Amino acid sequence: EIYNKSVNEVRNLNLEEKEVMNIILQSNHLDLCEVSRNLSMDKRKLRNIIHNINNKMQHESIRIIDGKLQFTDKCADELYSLLIGENSFISSNHNVELRKYLVEIELMINNNHHSLQTLAEKFYVSRNTMYTDIKIIKEDLQHLNLKVTYSRKSGYQIKGQEYALRNYLVQIIREILKTYYGRACLKRLNLFKEKELLDSKKRLLFIEEKIQIRLTDEQLDELPFILTLLIARIRNFPTQWDFNIEKYDIRNTMEFSAIKDCFHDLTFLKVTDILYLALHILSSNQIESAFDYMNKEEINLAVNQFLKIIKNKLAVKFVRESELKEKLLLHLQPAIFRNVLGFRVINPLTDSFMTEHYKVFLAVADASEPFEKIIGQPLSDEEIVYLSMIILGWLYQSEENENSYYKGVVLCQNG
């Protein structure tokens with residue numbers, strides 16, 4: 001069943017419509033009966049309210065299919081736009097975490113003077129509520145060695161090492177984009193222009209073609225926001241900084257050269273800034289690619305040590321070991337950079353794999369010590385599971401090919 005939209009001008013939302021929209025924006029595919037119970041409202045009335053909400057949207061509709069509420073990402077953005085127009089969604093008690101993220105982005109991107117009053121007005125809450133939000137933010141940032149400062153001259157600011165600031169900025173952008181209304185949230189902050197977002201996507205498409213990588217649709221959806229907001233921070237907070245990537249000699253590569261050319265019009269970007277943007281682009285590419293920007297001698301030695309340890313631990317011999325080594329090298333290039341940048345790759349199979357193949361996981365974790373020496377920290381469980389999946393897949397191939405390796409043949413006298 002799909003409710004039709006009217007072309008009437010959008011009217012003000014009433015309290016019940018706001019409550020319904022606040023709930024359904026938390027998750028897609030909600031059960032109609034569940035929403036009805038949560039709101040202490042009969043289903044017929046709930047359907048009528050959804051019908052009224054659809055009439056107020058100009059482009060999209062909430063659908064009810066087999067008793068489930070369903071909507072597209074564009075629909076979620078339009079719902080959010082309706083709510084933010086009413087100043088209700090962002091100030092809702094249900095959205096403290098969302099508001100906290102948005103306040104943090106505002107403080108890290110916008111170099112305007114931020115007083116308690118200006119922040120309260122921007123996010124449609126009282127001064128007391130904003131004071132509580134700032135207090136929560138201070139506590140949350142402590143473990144990242146970041147801090148919220150205040151002065152009459154500069155107002156509220158988030159300070160710390162630039163490397164840590166940028167990493168945290170990327171992390172919360174990703175958290176916001178996981179929500180159905182995340183894109184609309186970021187656009188409503190007015191921290192960038194729509195053209196800048198489109199320019200970032202064009203740059204990514206150009207880089208894909210130039211250095212022959214293939215980003216997934218999800219990455220092409222996420223990275224434009226990350227690049228655009230990082231560039232906004234660099235523009236608004238120019239600073240000299242560095243981070244430990246010189247040992248990988250990325251500057252002298254075709255890939256870095258191509259990426260640097262892609263940002264040539266942004267003259268305020270320093271080489272270190274472009275290196276940081278380049279690593280985000282390259283480490284986001286989880287499709288195996290034949291990049292050669294690593295210290296080959298060091299990584300080759302680590303892979304050899306890894307294979308020696310894992311063979312002893314599992315008491316196995318791999319078929320076509322040189323091919324396995326090549327596959328490991330291709331996987332480890334982006335994996336190492338993800339770890340250098342301090343990000344954890346998303347691996348939805350981590351929990352199930354560790355449950356079903358825990359002994360293999362432990363063996364690979366122990367054998368990964370050579371890689372940890374390169375990175376300077378332990379690999380995450382997600383990265384170890386990816387390595388374990390490669391090893392386990394090769395073990396299955398070894399078993400399948402075992403019968404085809406003959407050490408002797410008995411022939412009759414006639415051949």
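**Exercise 1. Determine which structural elements the salt bridge between Lys313 and Asp366 links, and how accessible its two residues are.**

Solution. Step 1: the side chains of Lys313 and Asp366 meet in a salt bridge with an N to O distance of 3.7 Å. A salt bridge here is a side-chain nitrogen of Lys or Arg within 4 Å of a carboxyl oxygen of Asp or Glu.

Step 2: Lys313 belongs to helix 14 (residues 296-314) and Asp366 to helix 17 (residues 358-367), so the pair links distant parts of the chain, 53 residues apart. Helices (H or I, at least four residues) and strands (E, at least two) are DSSP runs, numbered from the N terminus.

Step 3: Lys313 has 45% relative accessibility and counts as partly exposed; Asp366, at 46%, is partly exposed. Buried means under 20% relative accessible area, exposed over 50%, and partly exposed in between (1.4 Å probe, protein chains only).

The model is predicted: local features need pLDDT of at least 70 and side-chain atom pairs count only at pLDDT 80 or more, while totals for chains, interfaces and linings use all residues. Residues are numbered from 1 along each chain as its sequence is written, and side-chain values use heavy atoms, with hydrogens and water left out.

**Exercise 2. Describe the salt bridges made by Asp199 and by Glu196.**

Solution. Step 1: Asp199 pairs with Lys195, and their closest N and O atoms are 3.0 Å apart. Both sit in helix 10 (residues 194-211), and because they are 4 residues apart, about one helical turn separates them.

Step 2: Asp199 is partly exposed at 21% relative accessibility, whereas Lys195 is exposed with a relative accessible area of 57%.

Step 3: Glu196 forms a salt bridge with Arg235, with 3.7 Å between the closest N and O atoms. Glu196 lies in helix 10 and Arg235 in helix 11 (residues 217-236), so this pair ties together parts that are 39 residues apart in sequence.

Step 4: Glu196 is partly exposed at 25% relative accessibility, and Arg235 is partly exposed at 37%.

Step 5: for the whole structure, the count is 18 salt bridges. Glu162, Arg166, Arg233 and Asp273 are linked in a network of them.

**Exercise 3. Work out how strand 5 is placed, and describe its residue Lys159.**

Solution. Step 1: strand 4 (residues 147-151) and strand 5 are antiparallel and pair over 5 bridges. Two strands pair if DSSP finds at least two bridges between them. Ser151 stands opposite Gly155 in strand 5, and a hairpin of 3 residues joins strand 4 to strand 5.

Step 2: strand 5 (residues 155-159) has 4 of its 5 residues buried, so the rest of the structure largely encloses it.

Step 3: Lys159 lies in strand 5 and is partly exposed, with a relative accessible area of 40%. Leaving aside residues up to four places away in sequence, Lys159 touches Leu146, Lys147, Thr149 and Leu165; contact means heavy atoms within 4.5 Å.

Step 4: Lys159 and Asn145 are 14 residues apart in sequence, and their C-alpha atoms are 9.0 Å apart in space.

**Exercise 4. Find the strand order of the open sheet of 3 strands and identify its edges.**

Solution. Step 1: the order is 1-3-2, with antiparallel pairing. Strand 1 (30-31) and strand 2 (63-65) are at the edges with a single partner strand each, so one side of each has no neighbour in the sheet.

Step 2: strand 1 is joined to strand 3 (residues 68-70) by 2 bridges. In strand 3, Lys68 is the bridge partner of Asp31.
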